[in-house]
Amino acid sequence: MTQPNGGDLLVETLRGLGVDTVFGIVSVHNLPLVEAVDRDLRFVPVRHEAAAVNAADGYARATGGLGCALTSTGTGAGNAAGSLIESLSAGTSVLHITGQIDSEYLGSGRGFIHETKDQLGMLRAVSTHAVTVTDAAGAGDILRDAAARALTAPYGPVSVEWPIDLQFAPQRPTGTPVPTAPVPALPDAALLDQAAALLSAARRPLIWAGGGANRARPELAALLDALNAGLVTSNSGRGCVPESDERVLGNYATAPAGRALLAEADVLFSIGTHFRSNETADYTLELPSTHIQLDLDPAATGRVHPATCALHGDAAAVLAALLRRVTSGVTETSWPARVRKARADARSAQRHAIGPQAAINDAVRAACPPGSVIARDVTIPSSTWGNRLLEITDPATNVFPRGGGIGQGLAMGIGAALGRPDVPTVVIAGDGGLAVHLGELLTLAQEKPDLTLLVFNDGGYGVLRNMQDNHFPRRSGVDLTTPDFERLAAAVGLPYARIAAEADAGPVIKEATACEGPVLVEIDLAALGPMNTPFTPPVKLPATATAIAAATPTDTATGQGGTPR
């Protein structure tokens with residue numbers, strides 16, 4: 001038998017955490033790690049290092065555990081950086097192991113193959129923590145500490161750079177478990193009493209749940225019961241209470257119905273949300289003046305909206321403590337009905353706005369069981385109905401790039417599908433976003449997860465195209481050449497289907513999700529027809545840009561100018 005090395009140490013650490021799948025690209029600077037993972041776990045050879053981190057990210061979200069990505073040093077680690085930013089933005093538990101040159105030459109600046117300047121500094125900028133393995137004896141402790149940090153609130157990616165000679169160095173696995181995180185202390189009793197008193201006196205209470213509420217689902221549901229409250233969510237908080245629940249307005253705070261409901265509420269209780277710019281109309285959304293804010297991070301208090309009462313701590317523990325203190329019975333009898341009306345109005349308005357795409361929304365939800373992950377790249381269907389109307393019942397199935405970067409959806413979906421192999425996964429992507437990592441179609445074909453890829457083909461970057469058509473005299477960089485998706489699917493061995501009319505949506509998506517293995521479904525948006533209300537991103541532009549657009553005659557032949565095509 002060969003002497004165990006760093007690869008065996010990594011496998012032992014991952015097995016102890018229930019991780020059975022690792023994503024990466026093999027290199028001369030990570031060979032022992034890949035060899036051990038491929039021998040004892042499942043190694044998924046993606047085609048780009050960014051996709052390795054995205055897939056590990058999707059796996060972590062879908063399983064509720066740790067995702068692991070292996071990359072090479074230098075350019076390989078640099079390629080992973082953008083996806084580490086996504087994991088950092090989302091607070092996803094990702095362990096990123098990257099190779100490093102031989103420790104003898106580390107930092108010497110000799111131009112050693114795959115060497116880069118201050119790789120650790122780069123990784124620190126895009127990770128919650130980054131560290132270098134400096135000797136073989138300390139590698140086990142470093143790995144376990146890195147995994148523990150990734151799994152400790154507020155969560156996020158942790159990067160470990162590991163010189164290749166120390167990866168090959170003999171190891172003696174000990175079975176030492178990864179340490180568990182300490183439980184944060186509860187807020188002071190007086191603050192809990194103050195918050196409970198405000199909630200108990202509320203006649204029209206609203207709760208706004210962000211991603212921080214996802215680990216407190218039973219407690220949140222019980223608080224809704226106790227208060228007769230309505231629930232608004234951020235995109236990250238979707239599914240913390242199933243969106244089939246009539247008390248859930250959902251991710252519609254900036255819709256007219258959501259704004260009206262917030263204007264009527266007399267108390268807002270926010271739980272683990274950042275009030276992001278795209279969910280508050282660039283921070284112009286008017287919120288109730290009485291605001292109880294619960295967040296794990298003390299620095300979050302009042303960052304966007306002043307807090308009447310600030311609570312810091314673990315959401316599940318704090319909500320449990322509040323439940324022991326709140327009293328009910330003063331909520332206006334008409335308030336639950338008012339919440340239900342706002343919910344119905346918001347959804348009805350959006351169904352009308354998206355026109356024929358409502359049939360696709362309905363077909364996806366009808367074809368997928370509640371445990372199916374629906375991964376969404378940044379594209380018009382995601383930014384409109386995918387992030388709002390498409391019903392989510394479990395936060396682990398709500399996978400999307402929270403940092404807003406395009407092109408990450410397919411790899412995230414592959415990771416999620418391998419993390420949840422017993423149910424089908426659906427990926428919503430645009431033709432422009434898919435082109436960013438087109439090579440991952442080969443990963444899809446090779447690994448054969450139960451995944452249906454819906455490609456919305458409008459011949460370019462539709463979000464920015466609409467924005468330019470509305471505000472600029474001409475288009476720039478938004479109209480792109482796209483492949484023949486049927487021939488592309490055939491070239492990589494994927495089954496193909498096409499949706500060109502509303503009537504196609506139900507049967508095509510049902511058949512695709514029922515197939516074992518991956519299917520590529522092209523949604524021909526030119527044939528399907530436009531939305532009733534063209535989508536433009538909620539981005540502020542200087543007055544000069546709007547003035548230029550208004551002064552430029554519209555070219556109806558090309559669609560340029562102020563009128564959307």
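The questions and answers below concern a predicted model.

Me: Which residues make the contact between helix H8 and helix H11, and how many of them are nonpolar?
Reply: Helix H8 covers residues 189-201 and helix H11 residues 315-323, and their axes come within 9 Å. H8 brings Leu192, Ala195, Ala196 and Leu199, while H11 brings Val318, Ala321 and Leu322. The contact has no polar and no charged residues, and its nonpolar residues number seven.

Me: At what angle do the axes of H8 and H11 cross, and is the crossing left-handed or right-handed?
Reply: The axes of these two helices cross at roughly 65 degrees. As for the hand, the crossing of H8 and H11 is right-handed.

Me: How many charged residues are in the contact of H1 with H6?
Reply: Helix H1 (residues 6-16) packs against helix H6 (residues 139-150) at an angle of about 35 degrees, the axes lying 10 Å apart. On the H1 side the contact uses Leu9, Leu10, Glu12 and Thr13, and on the H6 side Ala139, Gly140, Leu143 and Arg144. By class, four of these are nonpolar and two are polar, and the number of charged residues is two.

Me: Which helix gives the most to the lining of the second largest pocket?
Reply: The second largest pocket holds about 1,300 Å³ of space. Helix H3 (49-63), helix H4 (75-90), strand E11 (291-295) and strand E14 (398-399) each supply at least two residues of its lining. With three residues, the element that gives the most is H4.

Me: How many charged residues does the lining of the second largest pocket have?
Reply: The lining is made up of 49 residues, and those nearest the centre of the pocket are Gly91, Pro154, Tyr155, Gly211 and Arg215. By class, 20 of the lining residues are nonpolar and 19 are polar, and the charged ones number 10.

Me: Where is proline 154, and what is omega of the peptide bond that joins alanine 153 to it?
Reply: Proline 154 is in the loop between H6 and strand E6 (158-163). Most peptide bonds are trans. The bond between alanine 153 and proline 154 is cis, with omega at about 10 degrees.

Me: Which residue of the largest cavity's lining is charged?
Reply: The structure holds three cavities of 30 Å³ or more, and the largest cavity has about 40 Å³ of space. Its lining consists of Thr273, His274, Phe275, Gln293, Ala300, Arg303 and Val304. By class there are three nonpolar, three polar and one charged residues.

Me: How many residues apart in sequence are the parts tied together by arginine 42 and glutamate 447?
Reply: The structure holds 26 salt bridges. In one of them the side chains of arginine 42 and glutamate 447 meet, at 2.9 Å from N to O. Arginine 42 belongs to strand E2 (residues 42-45) and glutamate 447 to helix H17 (residues 440-447), so the parts tied together are separated in sequence by 405 residues.

Me: What is phi of aspartate 282, and where does this residue lie?
Reply: Most residues other than glycine have a negative phi. Aspartate 282 has a positive value, near 55 degrees. As for its place, aspartate 282 lies in the loop between strand E10 (267-271) and E11.

Key. Residues are numbered from 1 along each chain as its sequence is written. This is a predicted model: local features need pLDDT of at least 70, side-chain atom pairs count only at pLDDT 80 or more; totals for chains, interfaces and linings use all residues. Side-chain values use heavy atoms; hydrogens and water are left out. Axes are lines fitted to C-alpha atoms, for helices over the stretch in contact, and angles run from 0 to 180 degrees between N-to-C directions. Helices (H or I, at least four residues) and strands (E, at least two) are DSSP runs, numbered from the N terminus. A crossing is left-handed if the near helix is turned anticlockwise from the far one by less than a right angle, and right-handed if clockwise. Contact means heavy atoms within 4.5 Å. Ala, Val, Leu, Ile, Met, Phe, Trp, Tyr, Cys and Pro count as nonpolar, Asp, Glu, Lys and Arg as charged, and the others, Gly among them, as polar. On a 1 Å grid over the protein atoms alone, a cavity is a set of points where a 1.4 Å probe fits but cannot get out, and a pocket is an open set with protein on both sides within 12 Å along at least five of seven lines; lining residues have an atom within 4 Å of a point. Grid points are joined across faces, edges and corners, and a volume is the space filled by probe spheres set on the points. A salt bridge is a side-chain nitrogen of Lys or Arg within 4 Å of a carboxyl oxygen of Asp or Glu.
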